Amino acid sequence: MKFAPLSVPWERRLQTFAVLHWVFNFLVVAQICVVIFIVLLFSRFWFISFLYGIWLYLDWDKPRQGGRRFNSVRNWRIWNHMKNYFPALLVKTADLDPSRNYVAAFHPHGVLAAGAFLSLATESTGFSSIFPGICPFLMVLNFWFHTPFFRDYIMSAGLVSSDKSSGAYILKKKGVGNLLAIIIGGAQEALDARPGAFRLLLKNRKGFIRLALENGAALVPIFSFGENDLYKQVSNPPGSWLRSVQNKLQKIMGFSLPLFHGRGVFQYSLGLMPFRQPITTIVGKPIEVQQIMNPSEEEVSQLHQKYIKELCNLFEAHKLKFNIPADQHLEII
């Protein structure tokens with residue numbers, strides 16, 4: 001087991017702490033918040049949970065109504081340290097017109113979607129300066145918004161519910177200049193996240209296409225090179241007993257349980273910290289979409305095929321910069 005040297009610069013220690021904070025948030029903090037809520041409820045401080053429970057009831061639909069972002073949270077210095085850990089970079093290939101709305105499809109999910117979080121839920125990679133006038137919203141699983149206290153924290157970064165009604169609200173009632181980002185492969189795609197993997201769960205994922213058509217929102221393909229290199233995962237090919245168990249658990253719980261590992265805080269061999277691998281998130285050229293209130297299956301399929309073609313073109317145009325073999329192509333499943 002290889003340990004980190006004692007002479008590690010303070011900047012790298014801050015980077016490690018920032019990433020540890022992020023990993024801890026999405027693996028443990030939600031559960032801790034539930035425990036705190038229950039403990040307070042049965043203590044002399046019961047009124048805190050009682051008052052928060054009233055607030056939760058009144059505020060229940062907020063994640064489906066654009067959330068409650070605070071730019072101060074998105075600009076926390078800790079996110080810059082996290083960005084520099086990998087490091088992470090956001091690249092623009094075309095301008096986004098702030099008088100339009102957009103549905104951005106993000107690929108791949110990876111294990112914990114670090115690239116999506118840094119580029120779309122923080123300002124560490126400079127989203128607002130790269131795309132002036134565009135306000136990003138990142139969709140995440142609904143269950144995150146069922147946890148007391150934690151839901152308010154993630155909403156402050158611009159995270160919103162993955163309900164269809166949530167997307168429609170942002171595209172219809174939040175004006176223009178909005179970018180609704182959806183990680184298309186979702187939790188199921190995380191089961192295929194490992195170094196060198198380029199398998200995308202997309203062939204039958206057409207809900208985002210229909211959403212774009214119904215609202216006349218341009219489609220924006222986003223590919224995050226390096227996302228799948230952050231963790232190693234236990235072999236679980238389709239059809240294996242492990243994948244079968246994982247698929248069943250996902251259907252029950254609503255999220256997947258990839259058996260992954262990265263490095264540790266003080267050693268480089270094993271732990272839940274991601275490896276220090278570069279993440280480059282490339283935002284493709286918008287695909288114009290004509291609004292159709294009730295699109296047919298044929299219309300949805302046609303735009304879906306066009307989207308897949310543009311996504312593949314984006315990957316092919318940039319893959320050699322990241323030492324991906326010329327004969328390696330996206331696998332759409």
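This note goes through a pocket, a helix, one of its residues and a helix pair.

1. **Basis.** This is a predicted model, in which local features need pLDDT of at least 70, side-chain atom pairs count only at pLDDT 80 or more, and totals for chains, interfaces and linings use all residues. Residues are numbered from 1 along each chain as its sequence is written, and side-chain values use heavy atoms, with hydrogens and water left out.

2. **The largest pocket.** Its volume is about 1100 Å³. A pocket here is an open set of points on a 1 Å grid where a 1.4 Å probe fits, with protein on both sides within 12 Å along at least five of seven lines. The lining has 40 residues, and the closest to the centre are His109, Leu141, Trp144, Gly186 and Ala187. Lining residues have an atom within 4 Å of a point.

3. **What lines the pocket.** α1 (10–41), β3 (135–140), β5 (178–183), α9 (186–189) and α10 (207–215) each give at least two lining residues. The largest share, 5 residues, comes from α1. Helices are DSSP runs of H or I with at least four residues, and strands are E runs with at least two. By class, the lining has 27 nonpolar, 9 polar and 4 charged residues. Note that Gly counts as polar here.

4. **Helix α8.** This helix covers residues 164–173. Its buried residues (under 20% relative accessible area) are Ser166, Gly167, Ala168, Ile170 and Leu171. They pack against β2 (102–107), β3, β4 (159–161), β5 and α10. Gly175 follows α8 and has a positive phi, near 80°.

5. **Ser166.** Ser166 sits in α8. Why is Ser166 counted as buried? Because its relative accessibility is 0%. Leaving aside neighbours within four places in sequence, Ser166 is in contact (heavy atoms within 4.5 Å) with Pro63, Arg64, Met139, Val160 and Ser161. Arg64 is 102 residues away along the chain, yet the two C-alpha atoms are separated by 4.1 Å.

6. **α10 and α12.** Two packed helices are described by the angle and the distance between their axes. The axes of α10 and α12 (residues 297–318) come within 9 Å and cross at roughly 110°. The two helices are therefore roughly perpendicular, a label for angles of 65 to 115 degrees. α10 makes the contact with Phe208, Ile209, Arg210 and Leu213. α12 uses Glu297, Glu299, Val300, Leu303, His304 and Tyr307. By class, this contact has 6 nonpolar, 1 polar and 3 charged residues.

How values were computed. Points joined across faces, edges and corners; volume = space filled by probe spheres on them. Buried < 20%, exposed > 50% of the residue type's maximum accessible area, 1.4 Å probe, protein only. Axes fitted to C-alpha atoms, helices over the stretch in contact; angles between N-to-C directions. Parallel < 35°, antiparallel > 145°, perpendicular 65-115°, else oblique.
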